[in-house]
Amino acid sequence: MDDPTLASDWASRIVDVPDFPAPGVLFRDIMPLLADAHAFAAMLAALAAPWREAGIEAVAGAESRGFILGAALARELGAGFVPLRKPGKLPGRLLEEAYALEYGSDRLQLQAGCLPAGTRVLLVDDVLATGGTLAAAARLLQRQGAQLVGAAVLIELAALRGRERWPGAIPLHALLLR
C-alpha cells in the first residue's frame with residue numbers, strides 16, 4: 001500500500017462538480033474520498049495531526065458534511081462530538097446563528113447546555129469558501145461558553161477569501177488549498 005499520509009493519495013478522490021447546487025457554483029464532491037477506506041483513513045490522520053496534543057475535548061461539525069468529518073475526527077482524537085444543525089433538527093432549548101453562503105443564506109443551531117463552559121472544542125467542516133458557515137459556527141460555540149481551540153477544514157477555496165472572516169488569533173488548518 002502507498003504511504004497513506006500523502007495528499008496525492010486521497011486528494012485525487014475529490015471530484016469537482018460544476019453548477020451544483022446552483023449555476024456558477026463549483027461543488028467539491030468528497031463522497032469518492034469517503035467511500036475509499038484507505039484514502040478516508042489517510043485524510044483523517046492528516047486532519048487530526050495538528051490537533052493531537054491540543055487537549056481537544058469535543059469536536060463540533062457543521063451540517064452536513066462536517067458531521068461526517070467531525071464525528072470521525074472526534075473518534076480519532078478521543079473526543080466527544082457535537083452537531084451544529086440546520087433549523088428544525090434538534091429538540092429543546094437552542095442557540096442559533098444566521099450566515100450567508102455564496103449562493104444564499106442559512107442558520108445553524110446548537111442545543112443550549114450541550115457543552116460545559118470551558119470545554120476545549122475543535123470546529124470542523126468540509127470546505128471553507130466565503131467563511132460564513134465557519135464564522136457563524138464559531139460564534140455559536142463561543143456563545144455556548146466553549147473554548148474554541150481552532151478549526152479544521154478539508155478544503156479551503158482561497159480565492160473566495162473566507163479565511164478573512166475567521167478570528168485571526170484562533171488557529172485554522174486546511175488540508176487542501178484550491
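Guide: At 1.5 Å a residue, the 13 residues of helix 4 should span 18 Å, and its end C-alpha atoms are 18 Å apart, so the two agree. The expected span is 1.5 Å times one less than the number of residues. Helices here are DSSP runs (H or I, at least four residues), numbered from the N terminus.

This is a predicted model: local features need pLDDT of at least 70, side-chain atom pairs count only at pLDDT 80 or more, and totals for chains, interfaces and linings use all residues. Residues are numbered from 1 along each chain as its sequence is written, and side-chain values use heavy atoms, with hydrogens and water left out.

Now the packing. The axes of helix 3 (residues 37-48) and helix 4 (residues 65-77) come within 10 Å and cross at roughly 70°. That makes helix 3 roughly perpendicular to helix 4 (65 to 115 degrees). Axes are lines fitted to C-alpha atoms over the stretch in contact, with angles from 0 to 180 degrees between N-to-C directions.

Contact means heavy atoms within 4.5 Å. From helix 3, Phe40, Met43, Leu44, Ala45, Leu47 and Ala48 take part. They meet Ile68, Leu69, Ala72, Leu73, Glu76 and Leu77 of helix 4. By class, this contact has eleven nonpolar, no polar and one charged residues.

Several residues of helix 4 are buried, among them Arg65, Phe67, Leu69, Ala72, Leu73 and Leu77. Buried means under 20% relative accessible area (1.4 Å probe, protein chains only). Gly78 follows helix 4, with a positive phi near 65°.

Technical notes
Helices (H or I, at least four residues) and strands (E, at least two) are DSSP runs, numbered from the N terminus. Angles under 35 degrees count as roughly parallel, over 145 as roughly antiparallel, 65 to 115 as roughly perpendicular and the rest as oblique. Ala, Val, Leu, Ile, Met, Phe, Trp, Tyr, Cys and Pro count as nonpolar, Asp, Glu, Lys and Arg as charged, and the others, Gly among them, as polar. Buried means under 20% relative accessible area, exposed over 50%, partly exposed in between (1.4 Å probe, protein chains only).
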